[in-house]
Amino acid sequence: MNISPWASFEVDNGGICAFWKYSDLTTNARFEMVLLPPYTEKSETGSMVESRTLITQFRVSTAFSNLNYIPNIIHNIMQHEHVADIVLNMPFKHAWQGPPKQGLYDPQFEKEACGVGFIAAIDGRRNRKIVRDAQRLAISMNHRGACACDNDTGDGAGVLTAIPHDLYYAKLKDEQNVQLPAFGQYATGIFFLDKLHHQESENKFAALAEELDVSVLAWRTVPTNNSSIGAVAKNSEPFMRQVFVTVKTPVPDEELDRLFFVLRKRASHIIPAPGKRFYICSLSRRTVVYKGQLTSDQLWVYFPDLLDPMYDTYLALVHTRFSTNTFPSWERAHPLRILAHNGEINTLRGNVNFVKAREGVMKNEDFGDKLKSLYPVVEPNLSDSGSADCVLEFLVHAGNRSLPEAVMTMIPEAWQNDPTMPEEKRDYYHWAACTMEPWDGPALVSFTDGRFIGATLDRNGLRPSRFYITKDNIMVMASEVGVYDVDPADVILKSRLKPGRMLLVDTQEKTVIQDVELKMKIAKSRPHSEWLKEQITMDELRKAHLDAGRLAKPKYEPSGLSDKRLPLYGYSTETIHILLLPMINNKKEALGSMGNDIPLACLSNFAPLLYEYFKQLFAQVTNPPIDPFREKVVMSLQCPIGPEDNILKPSSRQVHRLWLKHPVISIADLEVLKLTSHRQWKSHSICDEADEASRKHQIIVLSDRLAGKDRVPISCLLALGLTHHHLIETRSRMKVALVVETAEAREVHHICVLLGYGADAICPYLALELASSLRDQGILDTSLTDEAIYQNYAQAMLTGISKVMAKMGISTLQSYKGAQIFEAVGLAEDVIDKAFRGTPSRLGGVNLEWLASEAFDRHQNAYRPAVDSFILRDAGRYHWRAGGEKHLNEPASIAALQESAVNKNKTAYEKFKESTMESIRHCMLRGRLELRTLDQPLSLDEIEPASEIVKKICHWSHEFWIHQLGISSDSCNCYEQSKSNTGEGGEDPERYLDKEKRSAIKQVASGRFGVTSSYLAHADDLQIKMAQGAKPGEGGELPGYKVSSEIAHTRHSVAGVGLISPPPHHDIYSIEDLAELIYDLKCANPHARISVKLVSEVGVGVVASGVAKGKAEHIVVSGHDGGTGASSWTGIKNAGLPWELGIAETHQVLVLNNLRSRIVLQADGNIRTGFDVVVAALLGADEVGFSTAPLIVMGCTMMRKCHLNTCPVGIATQDPILRKNSPASQST
């Protein structure tokens, strides 16, 4: 018998019981317990036969997702007298661990949003009523949480209170005859264990406590009542044990807190082992946490302790969780040990990496060498909230900071651009920025250590928080109003937390500390303003450079269109004319339109740069993007670079870093950094010797300057990634600045990728030298100086960087740097592991050898002695060029499609199909798939008829005029055979009141243009537009010159005035807000299907499962390549993924969540042929959307002028003269 066991079980006769799994995502999985007998039996009637008979009864046939039943089966087997022990000899995925990474599902992209609140007695007096009020508050926020597919399993709920000393004292006295010390002299906490190994884990914990001179007073099994919880929660329910510990020798309170922290931290590092559940909810002498995979109302029934009349407290922090997946766990429920979090940390990967790197420079006199036993600071496999909790706890106990100051350090307010902020507070934040980058993202963080309890909002204020103070000296804070019933006459203060502000109660001093008072006290606690005088600035280094007798202006290398370096680094004439020149002339990046229809970098035949393999991630649903222009006050590109000092000991040494106003530096400033010796700073240009250089130098410069005819450059991005991650692993990254001097980088995306993988500053020297030469040749304004060229170029870059950061909801460059907010598409595992560790790359693909060969290809193209080597090659990445990159929308395809549609010419259609399939094979992921066919085709009688298939086709939103003003009756009828979409611009009442003409799908976007009750009522589908394929994470803008009187009438605005559709955070802050909007739209039109439009990116399946739990009925996943919307070329070319990946991931994750039956799934994005439709269906789509193809049928020739109002065929324009060129106008 050929069996691959997951686990084997020894039985008392020497036999082995093996656990075997057969699984198939498309079918039910079968699990069997199979006994493998020994080669000889002891006797004819021995226990061997009895065991075999017993164990074969435990065969299970169940769905793939119900692995949770397995531990219960094993436990039942263990109860039999013939089964002596269990030996786990292969990886075993336990119920409490959730499903592993599989297919396109990756658990690291699970997200959450929550309801959070607290009640505190300001005077610190205990009261049973606070527990009852906390229960009411939590249950009132039940809608802020979510349920699993069984509708009974909550995503998580919990409560943190002061230790109910009298209750525990009485329980232990009665049940175990153990007498607890006074409150504050012992610590307690609840552990999540498993029944099979709990005794072993408890013994290890006790032994570890002994090492620290701490004794275990008692273990208590936590009373629970699981009668009301769901099946999913019950299957992963932990065995809960509560420990009580105290010190053998009295120590001061502060040292006591530190000792219990060390015990908890070391236990969390040492005791967990494969197959053994071990998690400590908290271990504190002041507070205790009760939590689980529960709903808010289940929490209080599940833990009888909470209902005990003796359970009293002076504070209670409650939390209810909405996880986008149905794989939440008992462990991930909040409150955590010191905080409860409503929000999302967008920069998590960078924050965690930098905390890891800081372990190389951290020291603490109280801990000495034992500090290393607390590493890693961030424990593995935690959520973003769990990671933040670890760092906050560490800063409080080891960082010489109070809890409020530690929160200020991690979540600072927007201080850089606030002219009203007092100088002392600004100086404090400036100093703190030199110690740690912000943990950036939308957040309402509630925190407590048992003395302080408070809350803070992120710098953008993208989570709500309201609070009351009552006459009986109680403070109530919650993430929304209406959760706590109180007589208005009893309220003495009612307010809300503002962006970046903090609310704090000190129960020891019995007072509420206002934000202004609190932060000024912290700001004045040290001489931060004096310390900042030691800050290093570029002005200081420039002066030292001149004082040393060096040249103020460096020598530029001569360049121009014949510069051999241009083809060596992948420049083209398009790069220069479409990107570089507009940036210098206009100080901003050029716009484009009509999406991206060229091959992915991994499919290109034109040796793309490494940067092109990376796609920007963006916020949708769970996390709001930001408007970087209208909310500029919260954005900052300032950043300290260079060696960090010990974060655990606040001092002036923290500011001995170079403060840059932005990361794009000039050639002159780079020369200053290279040659500096000011204040003992040194720079070193290196590649392999980074670790050694970090011990002797403060700046490492990665340069490709020496590349040329005899030297082939490797990508600076690759060198940067290798160096950055190597220094993190050796804990040396915080000792140096990484400055990149590169000829590769010239686009916004290139700079963003370099920043995302650890660059502190970048000098794109070739772009600047080329611009200087073009000025000398008269192509640029000859009055521009080199400094003016640099300033214009830098301004365009900085604006573009801000937009890229904002689309992910990140406000500060300091947080964005090193955060790796990208997915790699088409890079092999060896490249990722060496240089871009932690970056998702789901397709595999190009390896280091291939990247090297492409570098040689570019070098050969640049320096080969050929006639055409004097002409800069144009690969046609932006506009189609004969012999260049393939485009899906090629002239031959466009002409054939229009001919076939207008004249019903089958021959032309065959030409269109042949041309399009050739383009698909070169450009699209689906083109690499081959359909498996039967030897004999099925009869058409067995196939769904075309009349039904067409009902599953939708026509996507186009330019306003197409729908409203000029479509011929034939085109309109064609639309109505399927479904048309209004787009976000609304619909004229004269049209939507006519059932024969109206668009079946009405879109609702953040601008709410044209959205009225009547508009909503006349729809079959109401679609919430969360993102747009052409520019995900960005808002739309219709320039004033395109706002005609017709548009203004429909959108209830004024002709000639620009219309801005802001990013969705104006109404969708989180997954719960989307759920509320879904509910509101359902109330507005109960008969309409509620749809949510998403864009493909890694993790979109996780978002979609949250949308399904929010009660949407339809989900659209758009690809990155579609869209008529105007956007910067950075957004068009580098954000979003093909719909093939998005649809497949969404389908797989919904199936894994048992939510697939709730959702109709639609694919959208440059779908052209029947092949595309079949592939979409095979990957999981129920419907498809056509947009660009119908537009081409109407006459579009893909001139990509939509954003300019100069469409030559009169389709995407409001110009009345150009409109006359449209086929619709000509047909009338």
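Which residues do ring pairs link into a cluster? Select F192, Y279, Y290, Y302, F303, Y311 and W330, which ring pairs join into a cluster. Rings of Phe, Tyr and Trp (its six-membered ring) pair if their centres lie within 6.5 Å; planes under 30 degrees apart count as stacked, over 60 as edge-to-face and the rest as tilted.

The model is predicted: local features need pLDDT of at least 70 and side-chain atom pairs count only at pLDDT 80 or more, whereas totals for chains, interfaces and linings use all residues. Residues are numbered from 1 along each chain as its sequence is written, and side-chain values use heavy atoms, with hydrogens and water left out.

The structure holds 25 aromatic pairs. Select F191 and F205 next: their ring centres are 5.1 Å apart and their planes stand at 90°, so the pair is edge-to-face. This pair links distant parts of the chain, with F191 in strand β7 (residues 187-193) and F205 in helix α5 (residues 198-211), 14 residues apart. Helices (H or I, at least four residues) and strands (E, at least two) are DSSP runs, numbered from the N terminus.

Proceed to Y428 and W431, whose ring centres lie 5.8 Å apart with planes at 45°, so the pair is tilted. Both residues lie in helix α12 (residues 423-433), three residues apart, about one turn of the helix.

Finally, select R126, whose charged end sits over the ring of F183, 4.8 Å from its centre. The charged end of R705 sits over the ring of Y765, 3.9 Å from its centre. Here, NZ of Lys or CZ of Arg must be within 6 Å of the ring centre and within 35 degrees of the ring normal.
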